[in-house]
Amino acid sequence: MEDFDILKIKKKAIIASVLLLLLPMVLTACAPKKQASDKILKQPYTKSEFILGTICTLTIYNRGKKAALAKGFARIHRSDNEASTTKAKSELNRVNRYAGIRPVKVSADMWPMMEKALYYSQDSDAAFDMAIGAITNLWKIGLPGARVPAQSEIDQALPLVNYQDVVLNAQNRTVFLKKKGMRLDFGGIAKGYIADQVRTVFRQNGVKNAIINLGGNIIVMGHSPLGKTRPWTVGIQDPVKSRGKTLGSIPAVDQSIVTAGIYEQYLKKNGHTYIYLMNHKTGYPYDNNLAGVTIVSPNSVDGDALSNAAFNKGVKAGLAYINAKHDQKIQAIFVTKDKKIYLSNGLKHKFKLNQKTNYQLGDPSKLTATE
């Protein structure tokens, strides 16, 4: 939930990465002949840029759709200019600047993100709080100048962290922060929203099979290049190992995979490691047994917000929270520091554990209230 413009690296090392090791199989003679059609490419169109504070990569497998790459990145840049708090003229920064002064009208493009942020602030009982910015702006974890604030600073900022003091007026499309010093922070939802917008752009341009990877927020579109009945295989990164080391995998078709965790974005001070996920009640980073939470969902905006909220709730409460969303086709994978993996109900028969790791599937019934 830090600054969106830079802290998008936060999930980078514990992301659910699409296992592109499947690609060589497409290139061999073993692939079915029907896959060598004019519609599915053996060598996809791909483009990467450093934006949103991370490496964003778009990959398209449909022949003749290369131009959609540029359109996808144009959409990313547009939202970057709207949702950044480090760009003085951004819409989000303007809302923060007029906190306690007056409502600010936002664009039709920005409005749905505002509504989603408020919805998940309410739905999660503030485990995701769109108004956490007064705290994250003190710590600046992941940014130059990151530090442990004085307790007096935290005490002063805590009364400013309350999503209930955010007033949205749908008719006028305005946002008002009731108290001076309040700050919205969309670091825990913006990338997901933007990934969904890129998918919309792709669909509008006839793209059916693609991978959208915004530094850890991944969307797989359509089926795998291996065949119309073949899902993508998505690997879940081991949060304590180097990139590409997976602890398991899941099949996915037209889904988003988003992870929040402890691996890269942290601050070490006086022998303690502070992660980027903030407790809205204490003003300090959460310190629980979780190493990472991966959310599998139809839409990335939901996965982004829920990965933060579920992490903040811990394993037991987080599992209950996500299991209650089963009818929305939302699932989760919880990875703990003591090498256990807990699955929401919908993934119990889909997740494939990598037997070469020392992880074990945990039994949710044995979890204590504090885990």
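# A first look at this predicted chain

At 0% relative accessibility, Asp-304 counts as buried, where buried means under 20% relative accessible area, exposed means over 50% and partly exposed falls in between (1.4 Å probe, protein chains only). Asp-304 lies in helix H8; helices (H or I, at least four residues) and strands (E, at least two) are DSSP runs, numbered from the N terminus. This is a predicted model, where local features need pLDDT of at least 70 and side-chain atom pairs count only at pLDDT 80 or more, while totals for chains, interfaces and linings use all residues. Residues are numbered from 1 along each chain as its sequence is written, and side-chain values use heavy atoms, with hydrogens and water left out.

**The chain as a whole**

- The secondary structure comes to 8 helices and 18 strands.
- Of the 371 residues in the chain, 56% are buried.
- Take contacts (heavy atoms within 4.5 Å) between residues at least 6 apart in sequence: 65% of them join residues at least 24 apart.
- The chain's accessible surface is about 16,000 Å², and 52% of that belongs to carbon and sulfur atoms; the areas come from the Shrake-Rupley method with a 1.4 Å probe, and for residues only the protein chains shown count as cover.

**The binding-site record**

- Under "binding site", an unreviewed UniProt entry lists Gly-188 and Asp-304; UniProt positions are given here in the numbering used for this chain, feature names are shortened, and annotations may be inferred rather than shown by experiment.
- These two span 117 residues in sequence, yet no two of their C-alpha atoms are more than 6.0 Å apart, so they gather at one spot.
- Gly-188 sits in the loop between strand E6 (174-177) and H7, and Gly-188 is buried, with a relative accessible area of 0%.

**The nonpolar cores**

- A nonpolar core is a set of buried Ala, Val, Leu, Ile, Met, Phe, Trp, Tyr and Cys residues joined through side-chain atoms within 4.5 Å.
- The largest one has 65 residues, and Met-114, Leu-184, Phe-186 and Phe-334 touch the most other members.
- H8 gives the most to this core, with 10 residues.
- Domain 1 (40-78 + 207-366) and domain 2 (83-177) both give residues to this core, so it lies between them; the domain bounds come from an automatic or database domain assignment.
- There's also a second, separate core of 21 residues, which includes Leu-41, Tyr-45, Ala-68 and Ile-212.
- As a bit of background, nonpolar side chains in soluble globular proteins tend to be buried together.

**Helix H7**

- The 15 residues of H7 (residues 190-204) should span 21 Å at 1.5 Å a residue, and the end C-alpha atoms are 21 Å apart, which agrees; the expected span is 1.5 Å times one less than the number of residues in the helix.
- H7 is mostly covered, with 11 of its 15 residues buried, including Tyr-193, Ile-194, Arg-199 and Phe-202.
- The buried residues of H7 pack against strand E3 (54-62), helix H2 (67-83), helix H4 (111-123), strand E7 (210-214), strand E8 (217-221) and helix H8 (300-323).
- After H7 comes Gly-206, whose phi is positive, near 80°.

**Helix H4**

- The buried residues in H4 include Trp-111, Met-114, Leu-118 and Tyr-120.
- Their cover includes H2, helix H3 (91-97), E5, E6, H7 and H8.

**Single residues to look up**

- Lys-329 has a positive phi of about 60° although it is not a glycine; Lys-329 is in the loop between H8 and strand E15 (331-336) and counts as exposed at 60% relative accessibility.
- Lys-339 is another residue other than glycine with a positive phi, near 70°; Lys-339 is in the loop between E15 and strand E16 (340-343) and is partly exposed, with a relative accessible area of 22%.
- Asp-165 is in the loop between helix H6 (151-157) and strand E5 (166-169), and at 11% relative accessibility Asp-165 counts as buried.
- Leaving aside neighbours within four places in sequence, the contacts of Asp-165 include Pro-159, Phe-176, Lys-178 and Met-182.
- His-272 lies in strand E13 (residues 272-275) and counts as partly exposed at 31% relative accessibility.
- Not counting residues up to four places away in sequence, His-272 touches Leu-267 and Asp-287.
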